[in-house]
Amino acid sequence: MARQLLLLLAVVVCLLLSSWTSGVQSMPDPRQREALIQLEDSMETGGEMVLTEAEKRLDTRLLKMKQEEMRRADFPPSLHFFKARELIRNSSIYGLLKKMPKGGALHIHDFAMVDVEWLVKNVTYRPHCYMCFTYNKSVRFVFSSQEPKPLPHCSPWTLLKNVRAKMKDTTDLDKSIMDYLMLFTDQDPETVYPSQDVVWERFEQTFRAARGLVTYAPVFRDYIYQGLSQFYMDNVMYVELRTILPQIYELDGRTHDIDWTLRTFQDVSRKFTADYPEFFGMRIIFSVNRRKNATEMAGVVEEAMRLQRDFPDIMAGFDLIGREDSGRSLWYFRDALSLPVERGVTLPFFFHAGETDLQGTEVDQNLLDALLFNTSRIGHGFALTHHPLAKDLSRKRGVAVEVCPISNQVLKLVKDLRNHPAAALISENHPLVISSDDPAIFGTSGLSYDFYEAFVGFGGLKSNTGSLKQLAINSVRYSSLTPAQQEKALAIWQRRWDKFVSENAV
């Protein structure tokens with residue numbers, strides 16, 4: 001295909017030179033126009049993909065679906081996702097994408113991987129679950145064999161079992177608890193979340209609210225398994241999870257250390273892959289909040305290096321999380337982040353960078369700094385198109401951008417997803433993958449909703465079956481798996497892809 005592309009480019013150049021040297025100002029040669037269109041199409045993500053006959057039939061079907069979708073007055077990618085979710089859910093394209101084997105989910109956060117309905121209907125109905133209301137309109141949970149000690153800035157603890165026992169119908173209570181655990185709302189999202197500051201404050205509260213539920217040891221194991229199940233049901237075969245490796249507690253208040261937490265992730269991943277052999281497993285990106293000071297960060301990086309050494313199979317690397325605009329820049333932590341190289345220790349970085357629309361600030365330099373620290377991938381990279389040098393380095397080094405369309409819209413970086421910067425990246429086949437960031441909080445599940453927004457919103461009529469196939473392959477190629485593991489994973493994915501195509505081609 002590369003040779004064909006070079007030949008096409010040579011034809012275009014010859015045609016252009018011919019028209020320029022002739023000096024005749026006439027209608028452009030239609031051959032020239034067609035050659036230019038073909039050349040530009042070939043430059044897109046998946047543009048060089050040679051489709052099989054079955055894939056071409058599937059592509060024809062997808063194109064008809066997309067043409068119908070784009071004629072809608074209420075075109076989903078142009079709407080806020082909270083308004084568009086039901087439209088997408090009823091879309092024939094979404095139904096097809098749910099069936100599609102999507103490869104890996106490479107940008108997912110720990111407390112947001114399982115839908116909140118499971119947390120409420122399963123976890124909060126377990127014995128010994130207490131809840132209190134905070135003074136800033138959130139909630140906290142804890143499991144305890146006796147009434148817990150009062151929590152600062154929170155109402156007295158209430159045993160949920162007793163509260164529900166007094167009710168004939170717990171539907172409203174359960175719905176109100178779910179609302180505390182997610183951003184999704186049936187109200188007008190622009191009114192509920194009028195600014196980035198407001199939505200980020202509520203966003204961070206959802207993580208704090210979920211923590212007491214997820215970090216209870218019996219729940220923690222089930223939660224990981226349930227999270228992998230939900231991704232597997234969405235035809236995702238591999239997950240790289242960003243986690244703070246939280247302290248896990250028992251009913252009597254005893255706590256476990258960070259090694260126990262990481263071993264539990266490893267044990268549950270192994271059990272899930274044993275139960276579902278086509279699932280390729282999970283790896284962990286140890287993540288800490290960027291609000292720490294330099295001394296604290298140095299200690300955390302030391303811990304990360306030890307974990308990378310002691311748990312090489314499950315540990316993928318290290319990242320800084322939290323809102324970039326209000327957190328400290330990567331350059332602030334330069335001494336701590338330089339420790340692995342100074343010690344001759346391998347600690348891959350997977351930095352969040354460019355999740356901002358504040359150009360020219362210190363935080364806006366995170367993209368260049370991430371590349372200076374040899375990041376393996378770039379989380380979000382929303383601002384990348386404003387940094388031509390960083391974009392060029394990212395391309396040349398094969399540093400993929402983890403694009404999370406719905407997250408970027410909900411957190412108010414972009415309103416209409418057709419205008420997302422990743423649309424330009426896809427048009428030039430920049431290294432990237434599609435992920436869902438915090439699906440439970442946004443009211444999504446797995447990757448299908450985000451794939452829909454990327455396929456329909458970013459690509460328009462130009463994205464096709466080749467685009468989808470390339471994005472799925474990218475998610476394995478740009479993962480932290482070893483080359484041998486990638487080949488094995490791709491072989492499994494290819495079998496599932498061929499089956500999907502044969503079952504859905506016209």
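1. Contact here means heavy atoms within 4.5 Å. On that basis, residues 24 or more positions apart account for 76% of the contacts in the protein with a separation of 6 or more.

2. A word on the basis: this is a predicted model, where local features need pLDDT of at least 70, side-chain atom pairs count only at pLDDT 80 or more, and totals for chains, interfaces and linings use all residues. Residues are numbered from 1 along each chain as its sequence is written, and side-chain values use heavy atoms, with hydrogens and water left out.

3. Now the inside. Of the 506 residues, 56% count as buried (under 20% relative accessible area, 1.4 Å probe, protein chains only). The largest nonpolar core has 151 residues, and Leu 181, Leu 183, Phe 286 and Phe 318 touch the most other members. Such a core is a set of buried Ala, Val, Leu, Ile, Met, Phe, Trp, Tyr and Cys residues joined through side-chain atoms within 4.5 Å.

4. Have a look at Leu 181: leaving aside residues up to four places away in sequence, its contacts include Val 116, Phe 141, Thr 206 and Ile 441.

5. As for the sheet, 4 strands (DSSP E runs of at least two residues) make an open, parallel one in the order S8-S9-S10-S11. Strands S8 (352-353) and S11 (432-434) stand at the edges with a single partner strand each, so one side of each lacks a neighbour in the sheet. Pairing takes at least two DSSP bridges; S8 and S9 (residues 377-380) are joined by 2, with Ala 353 opposite His 380.

Note on methods. Buried means under 20% relative accessible area, exposed over 50%, partly exposed in between (1.4 Å probe, protein chains only).
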